[in-house]
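Reader: I would like to go through this model step by step. Please keep to what the coordinates show.

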Amino acid sequence: QIGAALREHSAGAGVAGPIVVGARLWGAMAVGARNAEALPPGSEHRVAQFAELISTAIANVESRGQVERLAAEQSALRRVAMLVARHAPAEDVFSLVTEELSGLLGVDVVRTIRFEPDGSATVVAATGRHEDRMPPGTNMPIVPGGMLDQVFRTGRPARYEDYSKVGGPTAAVLREEGVRSAVGGPILVDGQLWGAMVAAARTGAALPSGSEERVAQFAELVSTTISNIESRAKVERLAAEQSALRRVATLVAREFSPEDLFATLVEELGVLLEVDGTAILRYEPDSSATVLAGWSDGAITLPIGARLSLEGENLAGQVHRTGSAWRKEDYSGAPGMIAATVRELGIRSAVASPIVVEGATWGVIAVLSRQPDSLPSDTEARIAEFTRQAGLAVANAKSRSDLAESRA
């Protein structure tokens, strides 16, 4: 094709020199003449000299482009890092990251994704577009073989080039948005995969090479943000827990009556754990338990003073038999008086821990929830110190009573 074009212009001879950019053959500079005599010996080397100048010009342009891109990238990362350092809310960081990535990569589909325990994914932040079919809060299955699936399985940056070949509802929505290819970087929190940062390109050219690594840099900042928030939450929770225990321990030290202390203890425990209700029951010699104290958020009314049989399927009976903490996730169909009472109150799950006095199981503290989700896995551990304080209060009261009897 080139030869035919040259013949049309009566070119009978030619010389050329390579244009090399960064050790890569970029192209060539060529000179044509009607006959060989018009191109004296050495012409190719003279052309090559000019080609070197072209090589330098192109290298300078590409270098400036790389420097400008790097500068823009570092500026964007710095803005996000400053926001993270100021302990900004996660929503603000997510929003800024999506905006910065959108401008940096020249795309308008950027999302922060959280992976859920059931294997699905939830959008927690996205670029603001009216036609966005996956706004924040959208939960979706992970497309097998797709970009998110790669990040989910490997914990590494990934890309996917063609969503036209993938099935499933999520891929269908992406095709409706005109998404052709996507890249993503993992969000790791305390070494565990939390989610992913995603950037997607609409129909047209694929995202440039290395885009997944650039997205991964922003994902690291998101990881730091989430870690900071979770660390602050742990510290605040520990501080609240210690304050509640200190207030209860102060009442124990002042030798308040068990009844007054129990009323404070169940309220402190309920507010601290953010449950629907808490209760303290005392075991009786006839295999029953008396409700001595209770607290609720107003949604339930505990039967204070009621004496309930331990027969049937219930936590109080289980703790009484084993002397250990237990939990129950479902009371539907469970036999016995306590189970029936719990169902009437609308309780769906509960955790109970024994109150031990002088080596014997004296009673039980229970925390009650009406929510569909299970109580947190560390609930038993968090209750333990409160049950110990309750045991100390009962033991102190018993010691005072025994001393009074002895003196009498």
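Reader: Leaving aside its neighbours within four places in sequence, which residues is Glu116 in contact with?

Author: This is a predicted model. Glu116 sits in the loop between β3 (109-115) and β4 (120-126). Contact here means heavy atoms within 4.5 Å. With neighbours within four places in sequence set aside, the residues that Glu116 touches are Thr122 and Asn139.

Reader: Which side chain does a polar contact join to that of Glu116, and at what distance?

Author: The loop holding Glu116 lies between β3 and β4. The side chain of Glu116 is joined by a polar contact to that of Arg114, at 2.9 Å.

Reader: Which strands stand at the edges of the open sheet of six strands?

Author: The strand order is β5-β4-β3-β8-β7-β6, and the pairing is antiparallel. The edge strands each have a single partner strand, so one side of each has no neighbour in the sheet. Those strands are β5 (139-141) and β6 (158-160).

Reader: What is the bridge partner of Ser120 in β5?

Author: β4 and β5 run antiparallel and are joined by three bridges. For Ser120, the bridge partner in β5 is Pro141.

Reader: At about what angle does helix α5 run to β5?

Author: Helix α5 (residues 169-176) packs on the sheet and touches β3, β5 and β7. Its direction makes an angle with that of β5 of about 115°.

Reader: And at about what angle does helix α4 run to β6?

Author: Helix α4 (residues 147-154) lies across β3, β4, β5, β6, β7 (179-189) and β8 (192-202). Its angle to β6 is about 155°.

Methods. Residues numbered from 1 in each chain as written. Predicted model: local features only at pLDDT ≥ 70, side-chain atom pairs only at ≥ 80, totals over all residues. Heavy atoms only, no water. Helix = DSSP H or I, 4+ residues; strand = E, 2+ residues; numbered from the N terminus. Polar contact = N/O pair within 3.5 Å; in protein donor to acceptor, adjacent residues only side chain to side chain. Pairing = 2+ DSSP bridges. Axes fitted to C-alpha atoms, helices over the stretch in contact; angles between N-to-C directions.
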